[in-house]
Amino acid sequence: MANRNLQAGLAQLKAGDYAEAIAQLEAVLVNELHPGTLFKAKKALVKAYEGDGKVRLAWKLCQELSESTSPEIRDWGDRTLAELDRRYPTLASEILIGQRLTRQQKVIRAFIQWLKRSPQRVSTLETSWNIIEEERDSHSDNSPLGKLTVNWNIFRRISLFLGKTFVIWIKAKWQKFKARK
């Protein structure tokens with residue numbers, strides 16, 4: 001007996017309704033045990049993810065398929081992964097780099113992106129950089145303990161500064177919100 005979710009997912013994929021296809025095909029992965037049906041669902045899911053703009057999920061699923069013990073599945077995964085790499089040349093390196101980032105690095109990356117979105121935030125960044133320079137200039141001790149002290153002072157001062165900046169920003173947004181009513 002054919003899997004109804006798989007049939008519905010394939011029909012939705014063919015119709016171009018990628019979100020519904022993804023929902024149906026992901027249901028197959030949860031409920032199905034037959035390897036052949038699972039492989040069909042995963043192949044269709046790769047196409048649905050790419051069609052829906054979720055290329056990272058498509059790439060990760062292809063990566064998983066390319067590590068299969070089945071030669072047929074592994075070959076399909078390798079070929080499709082190569083096609084994705086050709087269509088999206090920087091995707092693989094972004095995903096692999098993103099997987100290697102520590103939590104702290106991801107927070108710093110998000111913070112930098114947040115700063116880049118507004119000109120006022122650039123002055124915040126400049127002030128933060130000035131704090132870093134002041135702390136580094138004020139300590140000449142290059143021992144591990146000295147470096148730790150400098151980094152702690154930088155962290156503490158920037159946290160206080162950004163906390164105040166964030167509070168001011170929230171108050172300004174609240175005032176704008178109240179003025180609209």
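Visitor: What makes Ile-22 a residue that touches others, not counting residues up to four places away in sequence?
Guide: Contact means heavy atoms within 4.5 Å. By that test Ile-22 touches Leu-45, Ala-48, Tyr-49, Asp-52 and Lys-54. Please keep in mind that this is a predicted model, where local features need pLDDT of at least 70, side-chain atom pairs count only at pLDDT 80 or more, and totals for chains, interfaces and linings use all residues. Residues are numbered from 1 along each chain as its sequence is written, and side-chain values use heavy atoms, with hydrogens and water left out.

Visitor: Why does Ile-22 count as buried?
Guide: Buried means under 20% relative accessible area, exposed means over 50%, and partly exposed lies in between (1.4 Å probe, protein chains only). Ile-22 has 5% relative accessibility, so it counts as buried. Its place is in helix α2, where Ala-21, Gln-24, Leu-25 and Val-28 are among the buried residues too. The cover over the buried residues of α2 includes α1 and α3.

Visitor: How do you know what counts as a helix here, and how many helices does the protein have?
Guide: Helices (H or I, at least four residues) and strands (E, at least two) are DSSP runs, numbered from the N terminus. The protein has 9 helices and 0 strands.

Visitor: What span is expected for α2?
Guide: The expected span of a helix is 1.5 Å times one less than its number of residues. With 14 residues, α2 reaches 20 Å from its first C-alpha to its last, close to the 20 Å expected.

Visitor: Why is Thr-37 called buried?
Guide: Its relative accessibility is 15%, so Thr-37 counts as buried. Thr-37 sits in helix α3 and touches Asn-3, Leu-6, Val-28 and Glu-32, leaving aside residues up to four places away in sequence.

Visitor: What makes a group of residues a nonpolar core, and which members of the largest one touch the most other members?
Guide: A nonpolar core is a set of buried Ala, Val, Leu, Ile, Met, Phe, Trp, Tyr and Cys residues joined through side-chain atoms within 4.5 Å. The largest has 24 residues, and Leu-25, Leu-45, Val-46, Ala-48, Tyr-49, Cys-62 and Trp-76 touch the most other members. Helices α1, α2, α3, α4 and α5 each supply at least two residues of this core, and α3 gives the most, with 7 residues. Ala-48 touches Leu-13, Tyr-18, Ala-21, Ile-22 and Leu-25, again not counting residues up to four places away.

Visitor: Why is the pair of Phe-39 and Trp-76 called edge-to-face?
Guide: Rings of Phe, Tyr and Trp (its six-membered ring) pair if their centres lie within 6.5 Å; planes under 30 degrees apart count as stacked, over 60 as edge-to-face and the rest as tilted. The centres of Phe-39 and Trp-76 are 6.1 Å apart and the planes stand at 90 degrees, so this pair is edge-to-face. It links helix α3 with helix α5, across 37 residues.

Visitor: Why do Phe-39 and Trp-76 count as buried?
Guide: Phe-39 has 8% relative accessibility, so it counts as buried. Trp-76 has 13%, so Trp-76 counts as buried as well.
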